[in-house]
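Here is a short note for a colleague opening this structure for the first time. Please keep the sequence and the 3D view side by side while reading.

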Amino acid sequence: MRSQKLISLSTTAAAIGLTFVACQSDMEISQATQSNEVPGGFTQYSIEQFLGTTSTFGSAFSPDGSRILVSSDESGIFNAYSVPVDGGSPTPLTDSDADAVMVRDYFPDDERFLYSADQGGNELAHLYVREVDGSVIDLTPGANHIANFGGWAEDEQSFFVSTNERSGQFMDLYEVAVDGYERSLFYDNQDGSNPSAISDDKRW
């Protein structure tokens, strides 16, 4: 099975953490606020500084290992970026101004990548592929269902997607071809199981 390296990156504009300190009097609180320092020598940051942080996370190296695919809210909403592993500025790969883009993985042999996004905050995430030319395809079109990326087949010629589009209650599992995105039902979930992994030989 293709190994996936999980990377968690976090940058902050002003603070890495928050420390809550109990002050003994209103005067102490007032003095601490004015001096930007709370009793005990800790620095106090404003809510504006805290909300000014940028969150970044990612889960995939590019096929040649030179870049990392991440989601970042640098633009005010999560979008996909490519970050050079040897340093340098991130390159934006999507430009959504309404739907948060949550990256999933690069394709094994080229720089297409998969990501999840809902529509206007409806929490009904679909799975999308962003092509090398920048165009985007919804791999799970329709309404009132959720889709999740289920990982790659052992031969990397297909990948798996779970959706509840058939019943609304149970998540079925589909296999999607890497070339052409032809989709076929892989596991018809009739008993409410929660598909979470597929064996390399696809038997289990």
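Which residues form one aromatic cluster?

1. **The aromatic cluster.** The model is predicted, so every point here describes a prediction. The cluster is made of Phe107, Phe149, Trp152, Phe159 and Tyr181. Across the whole structure, a search finds 11 aromatic pairs. In one of these, the ring centres of Phe107 and Trp152 are 5.3 Å apart, with the planes at 75°, so this pair is edge-to-face. Phe107 belongs to the loop between β8 (102-106) and β9 (113-117), while Trp152 belongs to strand β12; the pair therefore ties together parts 45 residues apart in sequence. Both residues, Phe107 and Trp152, are buried.

2. **A further ring on Trp152.** Phe149 also pairs with Trp152. The two ring centres are 5.8 Å apart and the planes stand at 70°, so this pair too is edge-to-face. Is Phe149 buried or exposed? Its relative accessibility is 19%, and buried means under 20%, so Phe149 counts as buried. Trp152 is buried as well, with a relative accessible area of 2%.

3. **The sheet that carries Trp152.** In what order do the four strands of the open sheet run? The order is β12-β13-β14-β15, and the pairing is antiparallel. The edges are β12 (147-152) and β15. Each has a single partner strand, so one side of each is left without a neighbour in the sheet. On average, neighbouring strands of this sheet are turned by 30° against each other, direction ignored. Strands of a sheet pair through backbone hydrogen bonds.

4. **Where β12 meets β13.** These two strands pair in the antiparallel sense, over four bridges. Which residue of β13 is the bridge partner of Trp152? The partner is Phe159. Both Trp152 and Phe159 are also members of the aromatic cluster.

5. **The β8-β9 hairpin.** β8 and β9 form a hairpin, with six residues between them. Their pairing is antiparallel and runs over four bridges. Met102 has Ser116, in β9, as its bridge partner. The loop between these strands is the one that holds Phe107.

6. Side chains of opposite charge can pair when their charged atoms come close. Asp110 forms a salt bridge with Arg112, and their closest N and O atoms are 2.9 Å apart. Asp110 is partly exposed, at a relative accessible area of 24%. Arg112, in contrast, is buried, at 9%.

7. Glu165 and Arg183 form a salt bridge, with the closest N and O atoms 3.0 Å apart. What does this pair tie together? Glu165 lies in the loop between β13 (158-163) and β14 (172-177), and Arg183 lies in strand β15 (residues 183-187), so the pair links parts that are 18 residues apart in sequence. Glu165 counts as partly exposed, at 30% relative accessibility. Arg183 counts as partly exposed too, at 33%.

8. The side chains of Glu175 and Lys202 meet in a salt bridge, at 2.6 Å from N to O. Glu175 is in strand β14 and Lys202 is in the segment after β15, so parts 27 residues apart in sequence are tied together. Glu175 is buried, with a relative accessible area of 14%. Lys202 is partly exposed, with 31%.

9. **A network.** Which residues are linked in a network of salt bridges? They are Asp64, Arg67 and Glu111.

10. **The whole protein.** There are two helices and 15 strands. The protein has 204 residues, and buried residues make up 34% of them. Among contacts between residues at least 6 apart in sequence, 29% join residues at least 24 apart. The protein exposes about 11,900 Å², and carbon and sulfur atoms supply 50% of that area.

Terms used: Residues numbered from 1 in each chain as written. Predicted model: local features only at pLDDT ≥ 70, side-chain atom pairs only at ≥ 80, totals over all residues. Heavy atoms only, no water. Salt bridge = Lys/Arg side-chain N within 4 Å of Asp/Glu carboxyl O. Buried < 20%, exposed > 50% of the residue type's maximum accessible area, 1.4 Å probe, protein only. Pairing = 2+ DSSP bridges. Axes fitted to C-alpha atoms, helices over the stretch in contact; angles between N-to-C directions. Contact = heavy atoms within 4.5 Å. Areas by Shrake-Rupley, 256 points an atom, 1.4 Å probe, with all protein chains shown as cover. Phe/Tyr/Trp six-rings, centres within 6.5 Å; stacked < 30°, edge-to-face > 60°.
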